[in-house]
Amino acid sequence: MKELRELFLRLVGVGAPSGFEEPVMRVLKSELEPLVDEVHDTPRGNVVGVQRGSDPEAPSVALVAHMDQIGFIVTNIDGRGFIRFRKLGGPVTRAIQGQQMRLLTGRGPVVGVVGIKPGHITRPEEANRVPPIEEMYIDIGARSREEAEKRGITIGTPIVYNAAPVELANDLIASPAVDDRAGLTALIAVAKTLREAPVPATVYYVGSVEEEIGLRGAEVALYDLDVDMAVAVDTFPAGWQPDVVMRDLYYEVGRGPAVHIGEIAQGRVRLGHQRVRQWLMEAADEEGIPYQAGLMHGGTDAMSLMQTRAGIPACTLGIPRLYSHSPVETFDLKDLHRLVRILVAAIRRLDAGFSLRRI
Ligand SMILES: [Zn+2]
């Protein structure tokens, strides 16, 4: 747990929104390097580490976590130096004003704040309305466009929330980018554990790009890899917060990771591969590790993986988090620890006798 906490805190400090994953690609590669037989990054941006198993007949498995985080991008700088921006992925609009932002310029990070109209002069009809993102602006302190540009800001500069993680009671941690640095933490932790005690199956550790803007990296990540099955390791919105009703979200933080049956995205249900799911649940049951089950809201890389090559059997193993896509995404470190244990136990059980056939 202590090691997991340290690793997570290290990864979550790296700012890398969708399409601008380079900083986290470098960190993931260097973390995996001593743990795997080979590691490479593709021109598209995905990072792949391989631990060769002892039995070539055993199915090979890919663990996929996305490297990108939700963020923003500069779209305009006005004459007075105020910066206009749009979303990369789906940050909750209501959580944006009044926040600190980190603009990741080619010359290093620049901190700014998202301005908000003073309450004193806000009309009642405005007070309860969230302005659309195109009305928002970032102030970095520059007082002209030229001054902002001199500090490295250009149209296209990526932006992330500038908020440090905080530790709450009961092993909860709140931070931006829990989604999906928690998943990347799990991948590295599994690689470390399996390095110490090798297994029959070959394991691919894949960091994917651009998940938050349409599961795009995962669509192509396994194209040239000899992978039989895959698990997307991600976070997902949990309920049990006072403003969410059980009917909509029944998962609870602290009750274990979720082995998802499938996902509800834009009102449609998409299912994961139930053999892969059973395999994870059997391992968890045999080890007595708690987990949750159901349909999650949103999409994960598993849905792209299912449609790649000839259709790679995949499901999602997720860490529940509160306050999804806000700067204070909150999860329980114990759930992350349980998720790592489930993956290790399940991968140890993979041998030549394991079948993915549905009938
Ligand atoms: Zn995610």
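User: In which helix is Asp180 found?
Analyst: The model is predicted. A cis peptide bond, with omega of about 10 degrees, joins Asp179 and Asp180. Asp180 is found in helix 5.

User: What span should the 19 residues of helix 5 have, and how far apart are its end C-alpha atoms?
Analyst: Helix 5 covers residues 178-196. At 1.5 Å a residue, its 19 residues should span 27 Å. The end C-alpha atoms agree with this, being apart by 27 Å.

User: Which residues of helix 1 are buried, and which exposed residues are on the face turned away from them?
Analyst: The buried residues of helix 1 (residues 2-12) are Phe8, Leu11 and Val12. They cover an arc of only 90 degrees around the axis, so they sit on the same side of helix 1. The face turned away from that buried side carries the exposed residues Lys2, Glu3 and Glu6.

User: Against which elements do the buried residues of helix 1 pack?
Analyst: The residues concerned are Phe8, Leu11 and Val12. They pack against helix 2 (22-32), strand 11 (172-175) and helix 5.

User: What is the strand order of the open sheet of three strands, and which are its edge strands?
Analyst: The order is 10-11-18, and the pairing is antiparallel.

User: Which residue in strand 18 is the bridge partner of Leu172?
Analyst: Strand 11 and strand 18 run antiparallel and are joined by four bridges. In strand 18, Leu172 has as its bridge partner Asp332.

User: At what angle to strand 18 does helix 9 run?
Analyst: Helix 9 comprises residues 333-348. It lies across strand 11 and strand 18. Its angle to strand 18 is about 60 degrees.

User: Which glycine in the hairpin of strand 4 and strand 5 takes a positive phi?
Analyst: Strand 4 (residues 71-77) and strand 5 (residues 83-88) pair in the antiparallel sense over six bridges. Val74 has Phe85 as its bridge partner in strand 5. The hairpin has five residues between the strands, and the residue with a positive phi, near 95 degrees, is Gly81.

User: What is the phi of Gly45 in the turn between strand 1 and strand 2?
Analyst: Strand 1 (residues 38-41) and strand 2 (residues 47-51) run antiparallel and are joined by four bridges. His40 stands opposite Val48 in strand 2. The two strands form a hairpin with five residues between them, and in its turn Gly45 has a positive phi of about 120 degrees.

User: Is Glu210 buried or exposed?
Analyst: Glu210 lies in the loop between strand 12 (203-208) and helix 6 (216-221). Its phi is near 55 degrees, a positive value in a residue other than glycine. It has 24 C-beta neighbours inside 10 Å, so Glu210 counts as buried.

User: Is Gln266 buried or exposed?
Analyst: Gln266 is found in the loop between strand 14 (258-265) and strand 15 (268-271). Phi of Gln266 is near 50 degrees, again positive in a residue other than glycine. With 7 other C-beta atoms within 10 Å, Gln266 is exposed.

User: Which residues does Gly156 touch, not counting those up to four places away in sequence?
Analyst: Gly156 is placed in the loop between helix 4 (145-150) and strand 9 (158-161). It is exposed, with 10 other C-beta atoms within 10 Å. Beyond its neighbours up to four places away in sequence, Gly156 touches Ile73 and Val74.

User: What is the radius of gyration of the protein?
Analyst: The protein has nine helices and 18 strands. For 359 residues the globule rule gives 21 Å, and the protein is close to that, so it is as compact as a globular protein of that length. The radius of gyration is 21 Å.

User: What percentage of contacts between residues at least 6 apart in sequence join residues at least 24 apart?
Analyst: Along its principal axes the C-alpha trace spans about 70 × 45 × 40 Å. Of the 359 residues, 49% count as buried. Among contacts between residues at least 6 apart in sequence, the share joining residues at least 24 apart is 76%.

Notes. Residues are numbered from 1 along each chain as its sequence is written. This is a predicted model: local features need pLDDT of at least 70, side-chain atom pairs count only at pLDDT 80 or more; totals for chains, interfaces and linings use all residues. The expected span of a helix is 1.5 Å times one less than its number of residues. A residue is buried if 20 or more other C-beta atoms lie within 10 Å of its own, exposed if 12 or fewer, and partly exposed in between; C-beta atoms are placed from the backbone. The radius of gyration is taken over C-alpha atoms; the globule rule is 2.2 Å times the number of residues to the power 0.38. Two residues are in contact if their C-beta atoms, placed from the backbone, lie within 7 Å. The arc is that of the directions from the helix axis to the C-beta atoms. Two strands pair if DSSP finds at least two bridges between them. Axes are lines fitted to C-alpha atoms, for helices over the stretch in contact, and angles run from 0 to 180 degrees between N-to-C directions.
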